[in-house]
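Please keep the sequence and the model in view while reading.

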Amino acid sequence: MDVDRIPSILLQTFLTVAEAGQISEAARRLHLSQPTVTGHIRRLEANLETTLFIRSANGVSLTERGAHLRERVQDVFAELEQILRELDRTHEVNGTLTLAASTTVARYFVPRIFIRFHHYHPAAALHLIVGNTEEVLDHLRQQRVGLGLVEGHQRSPGVRLEQFMPDEIVPVCAPRIPDPKLRRAIEGLKSVRDLEALPLIWRESGSGTRAVVESVLKDSGVNPRKLDQRFELGRTEAIKSLVIAGLGVGFFSCWEIQQEIAMGLVRQINIPGLRIQRMFSWALPSGELGAPWGVLSVRQFDPKRVIRGERPPLKRGYLRTETGILGKRWQLSSRAILATYRAG
């Protein structure tokens with residue numbers, strides 16, 4: 001049998017379906033449609049001229065031959081994984097790695113990422129570009145950088161987003177507000193629409209935080225044209241200063257305001273019906289479809305473990321990438337930073 005007739009994506013799909021026990025769950029894990037997953041399995045069975053799964057109303061289970069194939073494929077991929085790790089130990093990364101990041105992630109996550117990357121690649125130089133989310137995405141579209149970290153976007157033309165870390169944006173105010181009218185208005189908040197009567201302190205247009213807040217408020221029935229737009233600042237620290245001074249309400253990532261809350265400089269406002277959640281995401285040019293080694297880590301590591309400095313294990317036996325079990329060997333580019341979290 002010609003092994004070229006069996007692309008690695010078919011084997012990846014096979015292993016995922018075998019693990020999940022359901023086509024729908026396997027499709028979710030692989031970020032593929034159910035018909036595509038079903039097509040992969042049928043194509044693999046046709047190429048091997050055997051039935052690998054028993055279908056039922058409750059899902060799928062492996063046939064005897066299917067179970068044997070899974071065991072052998074996992075062994076083969078485990079051996080390949082070990083070989084590639086051994087080869088990687090002799091590979092020295094040089095040059096300059098450039099990463100663009102939006103304000104919040106640049107301050108709270110990138111330093112730890114850079115420390116981790118430098119530990120494994122001490123010869124590589126590191127360069128960070130900081131801007132708001134739209135500026136970071138523009139750097140990627142113009143190919144000035146190969147990797148970004150952004151806030152809040154679900155999709156963006158010319159850019160592919162991969163989830164990194166969940167976040168929540170919270171409204172806060174000063175614990176003691178000099179203006180009695182403003183103090184009573186904040187204390188009397190009963191719904192999200194009551195924010196229309198309050199002075200809000202905003203980030204500049206193009207900020208990921210502002211875009212998410214405006215979207216959630218609009219979905220909650222707030223008229224954007226009725227919101228107070230008098231205060232608009234381009235730096236988070238400047239917004240904090242005005243909030244602490246009691247001039248209005250600000251919206252902050254829970255990561256960037258936790259210290260001020262702990263110190264009693266601000267307090268979180270609980271507004272019935274309002275919860276603003278978003279996702280920090282890796283951003284790559286959408287043309288990068290080869291799934292180089294580094295990209296596999298986006299789905300395989302727990303970001304909380306990364307922040308603690310741990311290296312997460314891959315599932316035994318295979319490496320999951322966008323388009324196949326083993327992606328291309330990564331070259332020195334901004335995407336190389338993701339490979340720091342490869343198991344080893």
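A residue is called buried when its relative accessible area is under 20%, exposed when that area is over 50%, and partly exposed in between, as computed with a 1.4 Å probe on protein chains only. The structure is a predicted model, in which local features need pLDDT of at least 70, side-chain atom pairs count only at pLDDT 80 or more, and totals for chains, interfaces and linings use all residues. Residues are numbered from 1 along each chain as its sequence is written, and side-chain values use heavy atoms, with hydrogens and water left out.

## Overview

The protein chain contains 13 helices and 11 strands. Helices (H or I, at least four residues) and strands (E, at least two) are DSSP runs, numbered from the N terminus. The chain has 344 residues, of which 49% count as buried. Contact means heavy atoms within 4.5 Å. Among contacts between residues at least 6 apart in sequence, 76% join residues at least 24 apart.

Two packed helices are described by the angle between their axes and the distance between the axes. Here axes are lines fitted to C-alpha atoms, for helices over the stretch in contact, and angles run from 0 to 180 degrees between N-to-C directions. Angles under 35 degrees count as roughly parallel, over 145 as roughly antiparallel, 65 to 115 as roughly perpendicular and the rest as oblique. A crossing is left-handed if the near helix is turned anticlockwise from the far one by less than a right angle, and right-handed if clockwise.

Helix H1 (residues 8-20) packs against helix H3 (residues 34-48) at an angle of about 110 degrees, and their axes are 9 Å apart. H1 is therefore roughly perpendicular to H3. The crossing of H1 past H3 is left-handed. On the H1 side the residues that meet H3 are Ile-9, Leu-10, Leu-11, Thr-13, Phe-14 and Val-17, and on the H3 side they are Val-37, His-40, Ile-41, Arg-43, Leu-44 and Asn-47.

H1 also packs with helix H2 (residues 23-30): the two axes come within 8 Å and cross at roughly 125 degrees. The two helices are therefore oblique to each other, and their crossing is right-handed. H1 contributes Gln-12, Thr-13, Thr-16, Val-17, Glu-19 and Ala-20 to this contact, while H2 contributes Ile-23, Glu-25, Ala-26, Arg-29 and Leu-30.

Thr-13 lies in H1 and counts as buried, at 0% relative accessibility. Apart from its neighbours within four places in sequence, Thr-13 is in contact with Leu-30, Val-37, His-40 and Ile-41. Thr-13 and Val-37 are 24 residues apart in sequence, and their C-alpha atoms are 6.6 Å apart in space.

Leu-69 belongs to helix H4 (residues 64-88). At 19% relative accessibility, Leu-69 counts as buried. Leaving aside neighbours within four places in sequence, Leu-69 is in contact with Phe-14, Leu-44, Leu-48 and Leu-52. From Leu-69 to Leu-15 the C-alpha distance is 9.4 Å, across 54 residues of sequence.

## Aromatic pairs

The structure holds four aromatic pairs. Rings of Phe, Tyr and Trp (its six-membered ring) pair if their centres lie within 6.5 Å; planes under 30 degrees apart count as stacked, over 60 as edge-to-face and the rest as tilted. The ring centres of Phe-109 and Trp-255 are 4.9 Å apart and the planes lie at 75 degrees, so the pair is edge-to-face. This pair links distant parts of the chain, 146 residues apart: Phe-109 is in the loop between helix H5 (103-108) and helix H6 (110-120), and Trp-255 is in helix H11 (residues 254-263). Phe-109, Trp-255 and Phe-280 form one aromatic cluster.

## Cysteines and accessibility

A disulfide is a pair of cysteine sulfur atoms within 2.5 Å, and the structure holds zero disulfides.

| Residue | Relative accessibility | Class |
|---|---|---|
| Cys-173 | 0% | buried |
| Cys-254 | 32% | partly exposed |
| Phe-109 | 0% | buried |
| Trp-255 | 22% | partly exposed |

## Positive phi angles in loops

Glu-49 has a phi near 55 degrees, a positive value in a residue other than glycine. Glu-49 sits in the loop between H3 and strand S1 (53-56) and is exposed, at 68% relative accessibility. Gln-143, also not a glycine, has a positive phi of about 60 degrees. The loop between helix H7 (133-141) and strand S5 (148-151) holds Gln-143, which is exposed with a relative accessible area of 68%.
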